[in-house]
Number of protein chains: 2
Amino acid sequence: MAGKVTFDAAPPPGTINFGVGQPSADLLPIDLVRTAAEDYLAGAQPIEINYGVAAGDIRFLESLAAFLTTNYGSAVSPDSLFLTAGNSHAMDLVCTQFSQQGDTVYVEEPSYFLAFQVFRDHGLNIVSVPLDDEGMDLDILEQSLQHTPARLIYTIPSYHNPCGSTMSLARRQRLVELSRQYDFLIVADEVYQMLHYFDPPPAPLGSMAEHNTVLSLGSFSKILAPGMRVGWIQAGPKLRDELLSGGAVASGGSFNHFTSHIIRHAIDLGLQQSHLEGLRFTYRRRLETMDLSLQRHLGDRLSWQRPDGGYFFWLKLLSGADTRPLRQLAIEQQTGFQPGQVFSSSGGLKDYLRLSFAHYDNADIEEGVRRVAAVL
Amino acid sequence: MAGKVTFDAAPPPGTINFGVGQPSADLLPIDLVRTAAEDYLAGAQPIEINYGVAAGDIRFLESLAAFLTTNYGSAVSPDSLFLTAGNSHAMDLVCTQFSQQGDTVYVEEPSYFLAFQVFRDHGLNIVSVPLDDEGMDLDILEQSLQHTPARLIYTIPSYHNPCGSTMSLARRQRLVELSRQYDFLIVADEVYQMLHYFDPPPAPLGSMAEHNTVLSLGSFSKILAPGMRVGWIQAGPKLRDELLSGGAVASGGSFNHFTSHIIRHAIDLGLQQSHLEGLRFTYRRRLETMDLSLQRHLGDRLSWQRPDGGYFFWLKLLSGADTRPLRQLAIEQQTGFQPGQVFSSSGGLKDYLRLSFAHYDNADIEEGVRRVAAVL
């Protein structure tokens, strides 16, 4: 299963597999986590390892709100936040709380391939809408809504996975208007929002949550460490109350109480902010290296738009060939990529491939692109 | 909502609220967690804060299997275990992976009240089966299965919540036979299995998982700390593979990777075993104190069976009065309990109440029972 590549299998030594959409080991800040954990544990209280308050400890929510206010460029209130056990958990939770079997979820074409299985687990009908340079094509969406009402619309507004593009402000505003007009919920996967390496993106959809049609999903996985399993949903009061009424959180309390205290200390000590700024610096250089390497080795065979943030380059094979059969060849060349088709909910996008620049340093990126060029 | 009592509201100072089914602060081992965390962090590697392997890190699963083998009294293989983010998460996950909206889940009458909302979140039809001293009444179950097929049967085999009773070995074996005959899955909530204070209970239903009809849910919440949000499902290979195929775990990896390393160290250092033995010692004394206090103050007005483990006394008011209206009186007397009706999926059990002995020391238990007697 393609999905397993993303976490189960560390690439074999010597391999430079751009299919892996994960940070490299040098960007997984174990020292930061150790420092934050020790700072927390020095004064930790028994109550902090009991069941946690359902929405998350208020001290965590306040620290998170301050951190988001700084990095989103617009005020975020602790009252709009709800702690999750990461983005995948949040997607699952949203399906449980806000959809019923047989409902329709609209996704972008292409979209994050592992989201599809979450939607299928909940018996949802998946309908796709194409993207252009400004994001989801809302004219096509609106046409489609006439005959197939949406319960949920899943979008990745900033530094899209896989295609790296960012939804314009006008498009974001119109999508929210449509959600009110056609009565659907926007599930905004905003995990790359803070990973901007040039100009920042437009304000997150979370900043438009007051009408109770937006669920903005964020996570510490991309900006700190995936293994912590801590994320959040930003939502208006009505939707947040619906999250709080769920059985699993009523029974088990805060979805990751203990770990949220460690992250709270990481924020309060300023470590999370410095780490984020370090990531922006490092990823920008990796992005630029990959862009230059692609121009050098593959400029005549691929077309692409350089992303301004996130993890990914989305490349179109000018020959129109199917990229899936090339994966075996890539393994022989000790490299790898994700073929475009895995990001299609309807079997298309065969002539695309996704490369992640997050998992390798600049020298490896240069060498890896050379190998990919040999494959293509 | 009644459920919120279980974690959102610490009882006001001076109150002795036996409605709270949580450990007292002195039984939340923050020093143990600190020691285990420091032991882990001293040698922690970056990969351990990346996405974790879906079923859980093999080192964690091996430590957990050894711990369970010791405490279950029967061999548990790491290959039969799947890490969850606690029992409430596990119930939610089981519903997502193994049921469809409109399916029927059988529950015991009474049963753990917060489970009902989890099942309702997934659109399941809840049917109840009465309990007797040996557990779920399987004759009634079998009759009911003739006209209403079950997809899931939710049971709390050992030291039942709320009624403290334990399913006999013969009943456990017959339930597994029925699951094969009638093609349903047993969701065994075995979180109290290791909290035995006299003779141990029969082997957990997890030990009968080889036919792929049992999902045995366990958790560190009752034996270590609820806020860690780490539990497990023990299952046969087919059901475990189905858990591994879920979208949320394929996308996010191990459901609580970082925290599982801390618990692994707690097990490997022997701290988890000593803590469990300490809990057995302390809870036995609290149980005996509550039993004696009840005999002294309420022996003529209530009937009950003394539990041999777990957290709870389940008491029947001999007058047959409804216990719900007495809750307000209990607040005035600075005490509290859970009225029987919350544990009924069909509005019954009005003349029962549940008292937890987990949250208070012996002196408070004596005084609290005196106050409850004044209320009743």
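Chain B puts 62 residues in contact with 61 residues of chain A, contact being heavy atoms within 4.5 Å. This is a predicted model, where local features need pLDDT of at least 70, side-chain atom pairs count only at pLDDT 80 or more, and totals for chains, interfaces and linings use all residues. Residues are numbered from 1 along each chain as its sequence is written, and side-chain values use heavy atoms, without hydrogens and water.

Start with the interface. The two chains bury about 5,200 Å² between them, 60% of it on carbon and sulfur atoms. Buried area is the accessible area (1.4 Å probe) lost when two parts are put together, summed over both. Between chain B and chain A, 25 residue pairs are in polar contact, both residues at pLDDT 80 or more. A polar contact pairs N or O atoms within 3.5 Å; within protein, one must be able to donate a hydrogen and the other to accept it, and residues adjacent in sequence count only if both atoms are side-chain atoms. On the side of chain B that touches chain A, H1(B) supplies the largest share, 7 residues. Helices are DSSP runs (H or I, at least four residues), and strands are runs of E of at least two, numbered from the N terminus.

Now look inside chain A. Thr104(A) lies in strand S3, residues 104-109. Why is Thr104(A) classed as buried? Because its relative accessible area is 8%, and buried means under 20% (1.4 Å probe, protein chains only). Its side chain makes a polar contact of 2.8 Å with that of Asn125(A). Beyond four places in sequence, the contacts of Thr104(A) include Val127(A), Thr148(A) and Leu152(A).

Key:
Chains are lettered from A and ligands numbered from 1 in the order in which they are written. Buried means under 20% relative accessible area, exposed over 50%, partly exposed in between (1.4 Å probe, protein chains only).
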